[in-house]
Amino acid sequence: MAANEGGPIRVGVIEDHPLYRYAVANVLSAAPDVELGPVAESVADFATAQEPGGCVVVLDLKLRGVTDSQAVQEVVRMGHKVLVVSAHAGQDEVLGAISAGARGYLSKDADGDDILHAIREIAAGNSYVSPTLASYLLDSTRPRAGVKSVLSDRERQVLSLVAAGERDADIAETMSISVRTVRSYLDRIRDKTGRRRRPELTRLAIEEGMA
(Lines give C-alpha, C1' and ligand atoms only; values in the text may rest on other atoms or scores of the structure.)
Protein backbone atom coordinates (compact mmCIF):
# COMPACT_ATOMS: atom_id res chain seq x y z
CA MET A 1 0.00 0.00 0.00
CA ALA A 2 1.36 3.44 -0.87
CA ALA A 3 2.34 5.66 2.01
CA ASN A 4 -0.16 8.40 1.29
CA GLU A 5 -3.43 6.55 0.68
CA GLY A 6 -4.81 6.69 4.22
CA GLY A 7 -3.92 3.15 5.30
CA PRO A 8 -0.80 1.94 7.07
CA ILE A 9 2.41 3.69 6.08
CA ARG A 10 4.52 1.28 4.07
CA VAL A 11 8.16 1.69 5.16
CA GLY A 12 11.30 0.03 3.83
CA VAL A 13 14.80 0.03 5.28
CA ILE A 14 18.20 0.14 3.58
CA GLU A 15 20.94 -0.18 6.19
CA ASP A 16 24.15 -2.21 6.03
CA HIS A 17 24.82 -2.43 9.79
CA PRO A 18 23.02 -5.62 10.94
CA LEU A 19 22.33 -4.53 14.52
CA TYR A 20 20.99 -1.10 13.58
CA ARG A 21 18.98 -2.59 10.70
CA TYR A 22 17.37 -5.05 13.13
CA ALA A 23 16.63 -2.29 15.66
CA VAL A 24 14.96 -0.01 13.10
CA ALA A 25 12.90 -2.90 11.70
CA ASN A 26 11.71 -3.71 15.24
CA VAL A 27 10.68 -0.09 15.87
CA LEU A 28 8.72 -0.03 12.63
CA SER A 29 7.07 -3.41 13.22
CA ALA A 30 5.83 -2.27 16.63
CA ALA A 31 4.20 0.92 15.32
CA PRO A 32 0.44 0.45 14.78
CA ASP A 33 0.27 2.71 11.74
CA VAL A 34 3.31 1.27 9.93
CA GLU A 35 3.54 -1.71 7.60
CA LEU A 36 7.11 -2.97 7.29
CA GLY A 37 8.27 -3.35 3.71
CA PRO A 38 11.57 -4.66 2.33
CA VAL A 39 14.54 -4.58 4.69
CA ALA A 40 17.83 -4.61 2.77
CA GLU A 41 21.53 -3.99 3.26
CA SER A 42 22.08 -2.18 -0.06
CA VAL A 43 20.19 -0.27 -2.74
CA ALA A 44 20.70 -3.18 -5.14
CA ASP A 45 19.18 -5.65 -2.67
CA PHE A 46 16.23 -3.33 -2.07
CA ALA A 47 15.67 -3.01 -5.83
CA THR A 48 15.32 -6.79 -6.20
CA ALA A 49 12.22 -6.66 -3.97
CA GLN A 50 10.48 -4.57 -6.68
CA GLU A 51 8.56 -2.59 -4.07
CA PRO A 52 5.79 -0.50 -5.71
CA GLY A 53 6.37 3.27 -5.58
CA GLY A 54 5.09 5.30 -2.64
CA CYS A 55 7.04 3.62 0.15
CA VAL A 56 8.91 5.71 2.73
CA VAL A 57 12.46 4.35 2.80
CA VAL A 58 14.75 4.76 5.80
CA LEU A 59 18.15 5.00 4.12
CA ASP A 60 21.68 5.00 5.46
CA LEU A 61 24.18 6.96 3.33
CA LYS A 62 27.33 4.89 3.75
CA LEU A 63 26.43 1.65 2.03
CA ARG A 64 28.13 -1.00 -0.06
CA GLY A 65 27.80 -0.31 -3.77
CA VAL A 66 25.69 2.76 -4.53
CA THR A 67 26.24 5.24 -1.71
CA ASP A 68 25.74 8.85 -0.50
CA SER A 69 23.67 11.19 -2.69
CA GLN A 70 23.68 8.65 -5.52
CA ALA A 71 21.90 6.18 -3.24
CA VAL A 72 19.25 8.81 -2.50
CA GLN A 73 18.77 9.48 -6.21
CA GLU A 74 18.42 5.77 -7.02
CA VAL A 75 15.73 5.22 -4.39
CA VAL A 76 13.88 8.38 -5.42
CA ARG A 77 13.95 7.17 -9.04
CA MET A 78 12.19 4.01 -7.86
CA GLY A 79 9.31 6.26 -6.79
CA HIS A 80 9.92 6.26 -3.03
CA LYS A 81 10.23 8.98 -0.40
CA VAL A 82 13.59 8.93 1.33
CA LEU A 83 14.32 9.54 5.00
CA VAL A 84 18.08 9.51 5.52
CA VAL A 85 19.18 8.26 8.94
CA SER A 86 22.95 8.42 9.04
CA ALA A 87 25.85 8.60 11.46
CA HIS A 88 27.30 11.15 9.03
CA ALA A 89 25.33 14.34 9.59
CA GLY A 90 27.62 17.18 8.56
CA GLN A 91 26.49 20.06 6.41
CA ASP A 92 27.84 18.50 3.22
CA GLU A 93 25.96 15.25 3.79
CA VAL A 94 22.68 16.93 4.73
CA LEU A 95 22.68 19.38 1.81
CA GLY A 96 23.84 16.71 -0.63
CA ALA A 97 21.07 14.31 0.41
CA ILE A 98 18.32 16.94 0.33
CA SER A 99 19.53 18.20 -3.06
CA ALA A 100 19.41 14.61 -4.31
CA GLY A 101 15.73 14.34 -3.34
CA ALA A 102 15.60 13.15 0.27
CA ARG A 103 12.45 14.28 2.11
CA GLY A 104 14.06 14.10 5.55
CA TYR A 105 17.32 13.70 7.45
CA LEU A 106 18.09 12.43 10.93
CA SER A 107 21.34 11.52 12.59
CA LYS A 108 21.68 8.09 14.18
CA ASP A 109 21.40 9.80 17.56
CA ALA A 110 17.66 9.93 16.87
CA ASP A 111 15.54 7.53 18.89
CA GLY A 112 12.66 5.39 17.65
CA ASP A 113 10.04 8.05 18.33
CA ASP A 114 12.03 10.60 16.30
CA ILE A 115 12.24 8.21 13.36
CA LEU A 116 8.51 7.45 13.49
CA HIS A 117 7.65 11.15 13.72
CA ALA A 118 9.78 11.90 10.66
CA ILE A 119 8.23 8.99 8.74
CA ARG A 120 4.71 10.23 9.51
CA GLU A 121 5.57 13.75 8.39
CA ILE A 122 7.06 12.50 5.13
CA ALA A 123 4.13 10.13 4.48
CA ALA A 124 1.79 13.12 4.92
CA GLY A 125 3.63 14.96 2.14
CA ASN A 126 5.84 17.10 4.34
CA SER A 127 9.59 17.21 4.88
CA TYR A 128 11.40 16.67 8.15
CA VAL A 129 14.92 17.51 9.25
CA SER A 130 15.89 17.28 12.91
CA PRO A 131 16.12 20.71 14.58
CA THR A 132 19.86 20.29 15.14
CA LEU A 133 20.41 19.87 11.38
CA ALA A 134 17.84 22.39 10.15
CA SER A 135 20.34 25.25 10.45
CA TYR A 136 22.26 23.76 7.51
CA LEU A 137 19.24 24.19 5.26
CA LEU A 138 18.65 27.71 6.55
CA ASP A 139 22.26 28.61 5.85
CA SER A 140 22.00 27.16 2.35
CA THR A 141 19.29 29.71 1.44
CA ARG A 142 21.54 32.64 2.33
CA PRO A 143 24.06 34.20 -0.04
CA ARG A 144 27.06 31.90 -0.17
CA ALA A 145 29.91 34.32 0.45
CA GLY A 146 32.73 32.17 1.59
CA VAL A 147 32.19 29.23 -0.78
CA LYS A 148 35.73 29.84 -2.02
CA SER A 149 37.06 29.03 1.41
CA VAL A 150 35.53 25.53 1.45
CA LEU A 151 36.78 24.58 -2.03
CA SER A 152 40.34 23.47 -2.72
CA ASP A 153 42.42 25.19 -5.39
CA ARG A 154 41.78 22.34 -7.82
CA GLU A 155 38.04 22.37 -7.08
CA ARG A 156 37.94 26.12 -7.76
CA GLN A 157 39.78 25.55 -11.05
CA VAL A 158 37.28 22.87 -12.09
CA LEU A 159 34.37 25.13 -11.16
CA SER A 160 35.76 28.02 -13.20
CA LEU A 161 36.18 25.75 -16.25
CA VAL A 162 32.62 24.47 -15.84
CA ALA A 163 31.45 28.10 -15.83
CA ALA A 164 33.43 28.65 -19.03
CA GLY A 165 31.31 25.95 -20.68
CA GLU A 166 34.01 23.29 -20.82
CA ARG A 167 33.01 19.63 -20.97
CA ASP A 168 34.45 17.08 -18.56
CA ALA A 169 36.85 15.82 -21.23
CA ASP A 170 38.02 19.37 -21.98
CA ILE A 171 38.57 20.06 -18.28
CA ALA A 172 40.57 16.85 -17.95
CA GLU A 173 42.79 17.83 -20.87
CA THR A 174 43.31 21.38 -19.58
CA MET A 175 44.23 20.17 -16.08
CA SER A 176 46.16 17.09 -17.25
CA ILE A 177 43.99 14.74 -15.18
CA SER A 178 41.56 11.94 -16.01
CA VAL A 179 37.86 12.43 -16.70
CA ARG A 180 37.15 10.27 -13.65
CA THR A 181 39.17 12.69 -11.49
CA VAL A 182 37.25 15.64 -12.94
CA ARG A 183 33.97 13.96 -12.00
CA SER A 184 35.28 13.22 -8.52
CA TYR A 185 36.08 16.93 -8.11
CA LEU A 186 32.59 17.81 -9.36
CA ASP A 187 30.97 15.43 -6.85
CA ARG A 188 32.90 17.10 -4.03
CA ILE A 189 31.96 20.57 -5.27
CA ARG A 190 28.28 19.56 -5.38
CA ASP A 191 28.41 18.09 -1.87
CA LYS A 192 30.15 21.17 -0.47
CA THR A 193 27.94 23.76 -2.15
CA GLY A 194 24.57 22.03 -2.44
CA ARG A 195 24.44 23.01 -6.13
CA ARG A 196 23.74 19.97 -8.31
CA ARG A 197 23.26 20.97 -11.94
CA ARG A 198 25.79 22.57 -14.25
CA PRO A 199 23.78 25.83 -14.70
CA GLU A 200 23.64 26.15 -10.89
CA LEU A 201 27.40 25.62 -10.67
CA THR A 202 27.95 28.22 -13.37
CA ARG A 203 25.78 30.71 -11.52
CA LEU A 204 27.69 29.98 -8.31
CA ALA A 205 31.04 30.59 -10.04
CA ILE A 206 29.73 33.93 -11.32
CA GLU A 207 28.41 34.90 -7.88
CA GLU A 208 31.77 34.06 -6.31
CA GLY A 209 33.83 35.83 -8.94
CA MET A 210 35.40 32.60 -10.22
CA ALA A 211 34.07 32.83 -13.78
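Predicted model: local features only at pLDDT ≥ 70, side-chain atom pairs only at ≥ 80, totals over all residues.
Salt bridges were searched for across the whole structure, and 15 were found.

Arg 10 has a relative accessibility of 18%, so it counts as buried, the cut-off being under 20%. Glu 35, at 32%, counts as partly exposed.

Arg 156 and Asp 153 form a salt bridge with an N to O distance of 2.2 Å. Both residues are in helix H8 (residues 153-163). They are 3 residues apart, about one turn of the helix. Asp 153 is exposed, because its relative accessible area of 57% is over 50%. Arg 156 is partly exposed, with a relative accessible area of 25%.

The side chains of Glu 155 and Arg 188 meet at 3.1 Å, N to O. Glu 155 is in helix H8 and Arg 188 is in helix H10, so this pair ties together parts that lie 33 residues apart in sequence. Glu 155 is buried, with a relative accessible area of 2%. Arg 188 is partly exposed, at 37%.

Salt bridges with shared partners connect Arg 10, Glu 35 and Glu 51 in one network. Glu 51 sits in the loop between helix H2 (43-48) and strand E3 (56-59). Its side chain makes a polar contact of 2.7 Å with the side chain of Arg 10. Glu 51 counts as buried, at 13% relative accessibility. Leaving aside residues up to four places away in sequence, Glu 51 touches Arg 10, Pro 38, Phe 46 and His 80.

Helix packing was examined for H1 and H5. Two packed helices are described by the angle between their axes and the distance between the axes. Helix H1 (residues 18-30) packs against helix H5 (residues 112-123) at an angle of about 65 degrees. The axes are 10 Å apart. The crossing of H1 and H5 is right-handed. On the H1 side, the contact involves Tyr 20, Val 27 and Leu 28. On the H5 side, it involves Gly 112, Ile 115, Leu 116 and Ile 119. By class, this contact has 6 nonpolar residues and 1 polar residue. No charged residues take part in the contact of H1 with H5.

Helix H10 (residues 179-193) includes Thr 193. Thr 193 is buried, because its relative accessible area of 1% falls under the 20% cut-off. The side chain of Thr 193 reaches the backbone nitrogen of Arg 195 at 3.2 Å.

Technical notes
Residues numbered from 1 in each chain as written. Heavy atoms only, no water. Helix = DSSP H or I, 4+ residues; strand = E, 2+ residues; numbered from the N terminus. Buried < 20%, exposed > 50% of the residue type's maximum accessible area, 1.4 Å probe, protein only. Polar contact = N/O pair within 3.5 Å; in protein donor to acceptor, adjacent residues only side chain to side chain. Axes fitted to C-alpha atoms, helices over the stretch in contact; angles between N-to-C directions. Left-handed = near helix turned anticlockwise from the far one by under 90°. Contact = heavy atoms within 4.5 Å. Nonpolar A, V, L, I, M, F, W, Y, C, P; charged D, E, K, R; others polar. Salt bridge = Lys/Arg side-chain N within 4 Å of Asp/Glu carboxyl O.
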